[in-house]
Amino acid sequence: MSLLTIQDLTVEFPTRRQLFTAVDHASLSVEPGEIHGLVGESGAGKSTIGAAVMGLLERPGRIASGQIKLGGEQISGIDAEAMRGLRGKKISMIFQDPLTSLNPLFTVREQLVETIQTHLGGTEAEANKRARDLIDRVGIPDPDTRLDQYPHQFSGGMRQRVVIALALCTEPDVIIADEPTTALDVSVQAQILDLIKELAQERQVGVILITHDMGVIADSTDRVTVMYAGKVVESGTTAQVMGQPQHKYTKSLIAAVPRPTLKLHRFPQISYGGRETRFAVDDMARHWPKVDNDTSKPLFEIRNLTKKFLQKRGLLPWDRTYFTAVDNVSFDIHAGEVFGVVGESGSGKSTVARMIAGLYPVDGGTIDFQGQRVSDLSNRSVQDEYRKNIQMIFQDPYSSLNPRMRVDEIVAEPIRHHRLMDGAHIKRRVDELLDQVGLGSGAGQKYPHEFSGGQRQRISIARALATQPRFLICDEPTSALDVSIQAQILNILKDLQEHLGLTMLFISHDLPVVRQMCDRVAVMKQGQIVEVQETSELFANPKTEYASELLRLMPKLDDLSTDGLEAG
Amino acid sequence: MSDTMETPKAAPKTRMAKFWDSDFAWSFRHSPVAVIASLVVVILVLAAIFAPLIAPYNPFNPATLNLMNGFTPPGTPNAFTQETFLLGTDDQGRDVFSTILYGLRISLFVGASAVLLALIIGVILGLVAAYFGGWIETLIMRIADVQLTFPAILVAMLIFGIAKGITPPEYRDEMAIYVLIIAIALSDWVQFARVVRGAALVEKNKEYVQAARLIGRGSFPIMFRHILPNVLSPVLVIATISLALAIIAEATLSFLGVGAPPTQPSLGTLIRIGQGFLFSGEWWILFFPACTLLALALSVNLLGDWLRDALNPKLR
């Protein structure tokens, strides 16, 4: 018999305007020792299922129909008191952000001992011993000293290990892991997933692994349930669903996943649900100024770039300490190429992008653009000309557009600022741009909050193209987007590079995405560039140990269906 | 939220409909406290604006005053003149109802102007402090800290005293109202500066501000065009609550005799005049102005509380 069964579960959120059905007649079951993946895009209802099982549905959400059974006993609809006895004891949870799921005011020992004693009783000495064993088991070195430390003294990955120990300490039957590795770096992600897999086997715990990441699903789950708009569209063993997807939505989802091994010409446009949005790059190219991509001389020459951030303030210069975010970095970007920078969080890749964009002043070294020294911010005429030629697409489409400005004002701002056109022409140009990025010219009258994440990123692109720049900086442009939207945006960026001759600096932590997008890649580690290579060369024969380690930890996705993909 | 704050250039009818349908208007309609409080405020404001039309007497025109009418209790005819006054008369024979209406005018004018002035000073200094940081921020915020260590009334009295010393005696009565406004504003701007700085520090690091810098926009366009509209909702809440406090501060100063002159009495001045007669039985001279002040300050305050909840998405 299954450990946890969910039958015909429907969760509703009544709002003032309408009844919102977050989960619509969903069924799934988890066996002991099994990792059951729950995958879908944002808003698919996967986290709501987790919350419903935990009895943690936020008001006014309610279970409208269906049953949740744990070991044959019904747990949906029981009173809050009984649920509290189960929660933490029989079912526990691992949250996305280990920084906020641990109490910063207590040591790890205190948090573990409290949980153990609350649920299992026993003496403090027993609880202490148990806590120590667990910390040791989840792979934290030197458990005796680490136990008495506070959460802030642990790194992100170590903290997530503590959270796992906390989830395991009461011998639960079921663990719900809601995006447990989304906040972590790739190298740490692999370790945490391995640990969860191992522990599930060892203790015969059923795990529901909620994620949006197909790589995580393919690498670590036994069975998988795919959700779309609150409904279960497909369910089965991981190999079967990933290898031979049956449902059209699953197919479109898998086709949109960037592959590390296969460079695509374009992502296939299999759309499901949402309407097809075109991107009229041909219209755009017709009016685009002819660029002369002279390849004999690099477009950018970056030499010995250094950035230090103040770490400790002090009145006197020798009291101050600095943190070197970017350390002596040099590279060239050639006209017409897509130059990638990869690295883990804190490697300084975004700082490099911001220095090139002129958002941070440089502390050392030089940036030359078409032979002009642009790292010197005091030369106004050079800066003005430079700013017309570079634009940036930001990571978070929810914060990169001013929420109080209308979309047409947002797109018109660069044109107005550089006085490239007069009033009537600006309006026509803005409408044209919005139309070309696939939003329709009526979009200008609306405010950013009326658009979805992908549409907002299109607005960002329209704004970036408004001054007809030669160079585009993309700082993690798709990491906040769902995989199918990511595929659309990446296709657009490829079109821009190919048809408009744009040069790009592409910052990402996601190696498969870099594989799809970039011609050359620089690998950064702790503020330094460790390796610069042609992309295909880097993926085939990494020269440095760090790069090969990164590649080794990357999800391989070999089992995913390759239907409809064409190499380019 | 944004559709409730500013929706320029939409057709007026659909805009009204859109506003009526917004979460903001909905939360208003479903809060009896907010509806009643705003009703009271609207009635009092209209009464103040149309005081010359509504008031049965002009209490400041000596020609219409009859000393024989002094100390007439509310609703009963005067023993000598047989005239009846709704809320009675004071020692000079002035109709209390009329003096309240005129006093309300002064109180609301001083309160609203003082808050507006404090808002302008506070918002500008708060934005500048947050955006530029460094020693500019330190300087502005330390001045604010120092000012907070003095009670607001004390600061206002100090300014009032200095102003009184430097203005020639013949202008003192005319100047009094404006000095009062400046005094209250200068003791009140700190709140605005602190709130705006806090909100602007968050907004400053958002990517849309970086996008604007990338285009090449200067500091002031970014501060006022981009950041300011995004920090206005807390400012609106503070302004409403400050209005209640400013009206009370004005009443306190006037009660202490350093505010509105007896020739242009505010509610506070009326209360000061009335308190002299409280123990001799003429309670109405104090009671009705005090009730009006209470109703006004309480309603504005409740409105401010509701606004804070309605604009805070976390409390919804």
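Residues are numbered from 1 along each chain as its sequence is written, while chains are lettered from A and ligands numbered from 1 in the order in which they are written. Because the model is predicted, local features need pLDDT of at least 70 and side-chain atom pairs count only at pLDDT 80 or more, whereas totals for chains, interfaces and linings use all residues.

**View 1. The contact between chain A and chain B.** Chain A contributes 20 residues and chain B 15 residues to this contact, where two residues are in contact if their C-beta atoms, placed from the backbone, lie within 7 Å. On the side of chain B that touches chain A, helix 10 (207-215) and helix 11 (219-230) each supply at least two residues, and helix 10 of chain B gives the most, with seven residues. Helices (H or I, at least four residues) and strands (E, at least two) are DSSP runs, numbered from the N terminus. By class, this side of chain B has six nonpolar, five polar and four charged residues; Ala, Val, Leu, Ile, Met, Phe, Trp, Tyr, Cys and Pro count as nonpolar, Asp, Glu, Lys and Arg as charged, and the others, Gly among them, as polar.

**View 2. Two packed helices of chain B.** Helix 8 (residues 152-166) and helix 9 (residues 172-204) of chain B pack at an angle of about 145 degrees, and their axes are 8 Å apart. Axes are lines fitted to C-alpha atoms, for helices over the stretch in contact, and angles run from 0 to 180 degrees between N-to-C directions. Among the residues that make the contact are B:Ile159 and B:Phe160 of helix 8 and B:Val179 and B:Ile182 of helix 9; by class, the contact has twelve nonpolar, one polar and three charged residues.

**View 3. An open sheet in chain A.** Six strands of chain A form this open sheet in the order 6-7-8-3-9-10, with mixed pairing, and two strands pair if DSSP finds at least two bridges between them. Strand 6 (91-94) and strand 10 (231-237) of chain A are the edge strands, each pairing on one side only. On average, neighbouring strands of the sheet are turned by 20 degrees against each other, direction ignored.

View 4. Strand 6 of chain A pairs with strand 7 (residues 174-178) of chain A in the parallel sense over four bridges, and A:Ser92 stands opposite A:Ile175 in strand 7 of chain A. Helix 7 (residues 156-168) of chain A packs on the sheet and touches both strand 6 and strand 7 of chain A, its direction making about 175 degrees with that of strand 6 of chain A.
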